Amino acid sequence: MLTSKPILRTLQTALVCLAVLILLGAGDEAARFEQLGHQLMCICGCHQILLECNHVGCPDSDGMRNELIAAVSRNDSDSLVSQAFVQKYGPTVLAAPTTTGFNRTAWLVPFVALAFGLMTVVFVVRAARKRLAPVLADGLRPVRGAGLAQFRNQARKEIEL
């Protein structure tokens, strides 16, 4: 009798762990539908997310939603659902490009362009700061401050004549 209680407790713990592992993958179908539906685009030409297509009389969104519902109810994996939609409708059905192959450029180009733009701004600002003051011929210096005000007053007097 003394040895059966620890064995029973271990068996109960094992059953609970097994149930947790089995039910861990079983998510709410509505939540999966929402998640997958927001990863897909409607192909009618409205350029909207599948579940947000408000195109009146859209010929494609209802059928695509029904396909998505069927795939979720069959418990197809997320990647299988995405692959099935890409096979049927093409890669433009994905709301975001994949991160493999040439599609990686869609993720990298904006950051590269931003870095290039920042470097260009830094270069232009540094070049503008390094620009020397203009040198006048015969050792003359530009007039500033009170001297400039004196020349302006003299020019006003001469114009009034």
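Where is the place of Ser82? Ser82 sits in helix 4. This model is predicted. Ser82 has a relative accessible area of 18%, so Ser82 is buried. Beyond its neighbours within four places in sequence, Ser82 is in contact with Gln39 and Leu94.

## The chain as a whole

The chain holds six helices and zero strands. Read from the N terminus, the order of elements is α-α-α-α-α-α. The chain has 161 residues, and 16% of them count as buried. Take the contacts between residues at least 6 apart in sequence: 38% of these join residues at least 24 apart.

## The nonpolar core

The largest nonpolar core has 17 residues. Seven names stand out, because they touch the most other members: Leu40, Leu50, Met64, Leu68, Val81, Phe85 and Val93. Which helix supplies the largest share? Helix 3 does, with four residues.

Val93 deserves a separate look. Val93 is one of the core residues that touch the most other members. Setting aside neighbours within four places in sequence, Val93 is in contact with Gln39, Leu40, Met41, Ile43, Met64, Phe85 and Val86.

## Helix 2 against helix 3

How do helix 2 and helix 3 cross? Their axes come within 10 Å and cross at roughly 135°. Angles over 145 degrees would count as roughly antiparallel, and 65 to 115 as roughly perpendicular. Helix 2 and helix 3 are therefore oblique to each other. Their crossing is right-handed.

From helix 2, the residues that meet helix 3 are Glu29, Arg32, Phe33, Leu36 and Gly37. On the helix 3 side they meet Arg65, Leu68, Ile69, Val72 and Ser73. Leu68 is also among the core residues that touch the most other members.

Ser73 and Arg32 both belong to this meeting of helices. They are 41 residues apart in sequence, and their C-alpha atoms are 9.8 Å apart in space. Ser73 lies in helix 3. Its relative accessibility is 43%, so Ser73 counts as partly exposed.

Glu34 is placed in helix 2 as well. Its relative accessibility is 41%, so Glu34 counts as partly exposed. Along the chain, Glu34 and Leu50 are 16 residues apart. Their C-alpha atoms are separated by 9.8 Å. Leu50 is among the core residues that touch the most other members.

## Helix 3 against helix 4

Helix 3 and helix 4 pack at an angle of about 150°, and their axes are 11 Å apart. This crossing is right-handed. Helix 3 makes the contact through Met64, Glu67, Leu68 and Ala71. Helix 4 makes the contact through Val81, Phe85, Lys88 and Tyr89. Met64, Leu68, Val81 and Phe85 are also named among the core residues that touch the most other members.

## Two loop residues

His47 is found in the loop between helix 2 and helix 3. Asn75 lies in the loop between helix 3 and helix 4. Asn75 is not a glycine either, and its phi is positive at about 65°. His47 has 67% relative accessibility, so His47 counts as exposed. Asn75 has a relative accessible area of 59%, so Asn75 is exposed.

The table gathers the accessibility values.

| Residue | Relative accessible area | Class |
|---|---|---|
| Cys58 | 9% | buried |
| Ser82 | 18% | buried |
| Glu34 | 41% | partly exposed |
| Ser73 | 43% | partly exposed |
| Asn75 | 59% | exposed |
| His47 | 67% | exposed |

## The cysteines

How many disulfides does the structure hold? The structure holds zero. Cys44 is in no disulfide, and its nearest cysteine sulfur, that of Cys46, is 3.3 Å away. Cys58 is in no disulfide, and its nearest cysteine sulfur, that of Cys44, is 3.5 Å away. Cys58 counts as buried, because its relative accessibility is 9%.

Notes
Residues numbered from 1 in each chain as written. Predicted model: local features only at pLDDT ≥ 70, side-chain atom pairs only at ≥ 80, totals over all residues. Heavy atoms only, no water. Disulfide = S-S within 2.5 Å. Buried < 20%, exposed > 50% of the residue type's maximum accessible area, 1.4 Å probe, protein only. Core = buried A, V, L, I, M, F, W, Y, C linked by side-chain atoms within 4.5 Å. Contact = heavy atoms within 4.5 Å. Axes fitted to C-alpha atoms, helices over the stretch in contact; angles between N-to-C directions. Parallel < 35°, antiparallel > 145°, perpendicular 65-115°, else oblique. Left-handed = near helix turned anticlockwise from the far one by under 90°.
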